[in-house]
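Dear colleague,

Please find below the structure for your attention. My notes on it follow directly after.

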Amino acid sequence: MPTVVLGISGSVAAYRAADLARELMRHGFTVRACLTDAAAKFVTPALFEALTGQPCLQDTFEEPDRGRMAHIDWARQADAVVVAPATANVLAKLAHGIADDMLTTIALAHTGRLILAPAMNPAMFASDPVRSALDVLRSRAAVIVEPDEGEVACGEQGQGKLASIPQIVRAIEGVARAGRLLEGQRVLITSGPTQEPFDQVRFLTNRSSGKMGSALARAALLLGAEVTVIHGPQREPLPMEAHRIPVQTAREMEEAAFAALPGHQWVVGAAAVADYRFAQVESGKHRRTGEPISVTLVPNPDVVAGLAHAAEPGVRLIGFAAEPSSELDVARRKLAAKGLWAIAANDVSVPGIGFDADANALTLVFADGTVAESGRRSKLECALFLWETCIARQLNSQS
Ligand code: CTP
């Protein structure tokens, strides 16, 4: 049975979490409730224990199984963590990673998507801090169940009423369903820059941070895939749940990718592979003479094109094309020349997206000519868009 951790924070709407818990149980979920101290002013642990048949947590150091850290156990065992109602205070804490009670600690330890159903006074909901907390949380792939318009407990009118129970249940089921989209499937991703040595201390590289590759890996994990990432020396950390294979040069990336390829159903080339390497690598350190020098660069292998050539039929290969314009001609040419199933084009001339930025805007071009746009979003949201669009197409083509 799927398990939901139902976090309840201190809003008058806390009483409606009891109905939510019952409804989730009717939908086949095991429900584990967790209250903040403020929520416990409105409702009691005894109520949720009686309703759910499970211990209800409140204090960070509670351990229903002695010797087990409940915040880690509950976070790991949860198919979904939902906070309903979510107050302005809890949203701000979640956005900043503050974990000063059991609920926020579980939320921080949970690696899946959070589902947040805010409920508060309309002026508080419309305030800048709440809007920016929600933007941050959305950029990290949290699902926000928008509050309804109407009269709230204090008598004011506006948007702030906890969303309806069916809406919240649908959001939880959606996250649980999405978490199985790539279940049993293996995804191979190349990520980050490569470094091509000139001598022992210098190398040729590019501005790739590895953020998009990392986001693609995290998104694939959120959808239930087993993920292998072959990555150059990138600054951006990769998810711990991914198999990570570090390489330095394009040729090392090619070798590692070919070795890893069998058994993968999806391959994504997100690495900014250096197209050239030095014909000769000097041993030791090249000394300065004050004279001009010439070096010869020789072409590197095209990793993703080689993988497309070697892959079994049915393997979906997706490339990236970072182009200095919104024109799709070059992306289309790369898609065909490399033998890919799809290519994600992004316009690197637009400030704030692409290389090293936290946001991106992808245009997915498929081999049959169709196109899908993500719009400008965080790289994690773009990565989820890429996977969900590709999975939907694959399912359509099978039916
Ligand atoms: N790619 C690759 N190996 C290379 C070069 C590129 O695997 N040696 C992959 C990238 O990971 C990306 C796609 O090919 O998925 C397009 O990369 P890009 O750098 O945009 O294109 P290039 O083929 O290198 O062409 P150009 O540099 O002329 O734009």
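Between domain 1 and domain 2, about 660 Å² of area is buried, and carbon and sulfur atoms give 53% of it. Please note that the model is a predicted one. On the side of domain 1, Thr-111, Arg-113 and Ala-178 supply 54% of the area buried against domain 2, more than any other three residues.

The domain assignment of the protein places domain 1 at 3–178, while domain 2 consists of 186–281 + 289–398. Eight residues from domain 1 and nine residues from domain 2 take part in the contact. The C-alpha centres of domain 1 and domain 2 are 36 Å apart.

As to the polar side of this interface, two residue pairs are in polar contact across domain 1 and domain 2, both at pLDDT 80 or more. By class, the residues of domain 1 that touch domain 2 comprise two nonpolar, three polar and three charged ones. The number of salt bridges between domain 1 and domain 2 is zero.

I also looked at one individual position, Ala-119. This residue lies in the loop between β4 (114–118) and α6 (122–126). Ala-119 counts as buried because its relative accessibility is 5%, the cut-off being under 20%. Apart from neighbours within four places in sequence, Ala-119 is in contact with Ser-11, Ala-13, Pro-85, Ala-86, Thr-87, Gly-160 and Leu-162. Ser-164 is 45 residues from Ala-119 in sequence, and the C-alpha to C-alpha distance of Ala-119 and Ser-164 is 11 Å.

With kind regards

Notes:
Residues are numbered from 1 along each chain as its sequence is written. This is a predicted model: local features need pLDDT of at least 70, side-chain atom pairs count only at pLDDT 80 or more; totals for chains, interfaces and linings use all residues. Side-chain values use heavy atoms; hydrogens and water are left out. Domain bounds come from an automatic or database domain assignment. Contact means heavy atoms within 4.5 Å. Buried area is the accessible area (1.4 Å probe) that two parts lose on being put together, summed over both. A salt bridge is a side-chain nitrogen of Lys or Arg within 4 Å of a carboxyl oxygen of Asp or Glu. A polar contact is a pair of N or O atoms within 3.5 Å; within protein, one must be able to donate a hydrogen and the other to accept it, and residues adjacent in sequence count only if both atoms are side-chain atoms. Ala, Val, Leu, Ile, Met, Phe, Trp, Tyr, Cys and Pro count as nonpolar, Asp, Glu, Lys and Arg as charged, and the others, Gly among them, as polar. Helices (H or I, at least four residues) and strands (E, at least two) are DSSP runs, numbered from the N terminus. Buried means under 20% relative accessible area, exposed over 50%, partly exposed in between (1.4 Å probe, protein chains only).
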